[in-house]
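Subject: Structure for you to look at

Hi,

Here is the structure I promised to pass on. Have a look at it first, then read my notes below.

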Amino acid sequence: MTTTLDRATTPTATDSTARLSLTPSGVRPGRLDGAWWPRSRDLLLELPALAAEIDGRWGRITRITVNPAQWPVIPRRIAVTGHTVHAGWFTIEQDLHVITVCSYAPRRLNLLVVPPQTDAVEAARLMAEAADPANTRTASELLAAESSAGAAGPDAGSDFLPSAVTPSTGLGEADRRADLARSRAASWPATA
């Protein structure tokens, strides 16, 4: 079966630059290596801009991992700038608000994922704090502090998969978890 994509119905990024903040070169990072503020929760749409930015700084991205609570669909492979990035996910092992980016270097970055609907001023503050080498808080702790201040938005801590999800017990377990993540993400407000 052949699938034809119509340009009018195929999603495209409104801005192809990544909103990214990394710890300065030559400085040992804190708990996080920086932050990324995607415009949506669509990895197919968002990852190419992030890869283009990171590829130019420290080598081609080969793999990413995310927590499915933040991403409704996680494809196994994502085409970016002439190569393929393999994607994976963890529910227990990975912070809800982190994307882990691995390169050929071999180097690994743990980036705070600032929720797309976050206000620009708050996002800039979160990104600066995540990239600060003196930061000792995890991504979830940074967003929880923002949420407790009443500024992270309505879904900062309420629409995530339970952290006590048990490891996979069968072949259908991954599908069940993906369906749960998709149903939770469907209730999130659409970004402008």
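First, a word you will need all the way through: two residues are in contact when they have heavy atoms within 4.5 Å of each other. Among contacts in the protein chain between residues at least 6 apart in sequence, 66% join residues at least 24 apart.

Some ground rules. This is a predicted model, where local features need pLDDT of at least 70 and side-chain atom pairs count only at pLDDT 80 or more, while totals for chains, interfaces and linings use all residues. Residues are numbered from 1 along each chain as its sequence is written, and side-chain values use heavy atoms, with hydrogens and water left out.

How confident is the predictor? pLDDT is its confidence in each residue, from 0 to 100. The mean for the protein chain is 78, and 69% of its residues reach 70 or more.

Now the layout. The protein chain has four helices and seven strands; these are DSSP runs numbered from the N terminus, helices being H or I with at least four residues and strands E with at least two. Their order from the N terminus is β-β-α-β-β-β-β-β-α-α-α. Of the 192 residues, 43% are buried. Buried means under 20% relative accessible area, exposed means over 50%, and partly exposed is in between (1.4 Å probe, protein chains only).

On to the inside. A nonpolar core is a set of buried Ala, Val, Leu, Ile, Met, Phe, Trp, Tyr and Cys residues joined through side-chain atoms within 4.5 Å. In soluble globular proteins, nonpolar side chains tend to be buried together. Here the largest core has 25 residues, and Trp36, Leu50, Ile54, Ile64, Ile99, Val101 and Leu111 are those with the most contacts inside it. Elements that each supply at least two of its residues include helix H1 (43-58), strand S3 (61-66) and strand S5 (83-89). Which element gives the largest share? That is H1, with seven residues.

Next, the rings. Rings of Phe, Tyr and Trp (its six-membered ring) pair if their centres lie within 6.5 Å; planes under 30 degrees apart count as stacked, over 60 as edge-to-face and the rest as tilted. The structure holds one aromatic pair. Tryptophan 36 and tryptophan 71 have ring centres 5.9 Å apart and planes at 20°, so the pair is stacked. It links distant parts of the chain, with tryptophan 36 in strand S2 (residues 34-36) and tryptophan 71 in the loop between S3 and S4, 35 residues apart. Tryptophan 36 is buried at 1% relative accessibility, and tryptophan 71 is buried at 2%.

- Valine 66 sits in strand S3 and is buried, with a relative accessible area of 0%. Leaving out residues up to four places away in sequence, it touches Trp71, Ile74 and Val98, among others.
- Asparagine 135 lies in the loop between H2 and H3 and counts as buried at 7% relative accessibility.
- Histidine 97, in the loop between S5 and S6, is buried at 4% relative accessibility. Its C-alpha is 5.2 Å from that of valine 113, 16 residues away in sequence.
- Threonine 81, in the loop between S4 and S5, is exposed at 53% relative accessibility. Its phi is near 30°, a positive value in a residue other than glycine. Most residues other than glycine have a negative phi.

Cheers

Methods: pLDDT = per-residue confidence, 0-100.
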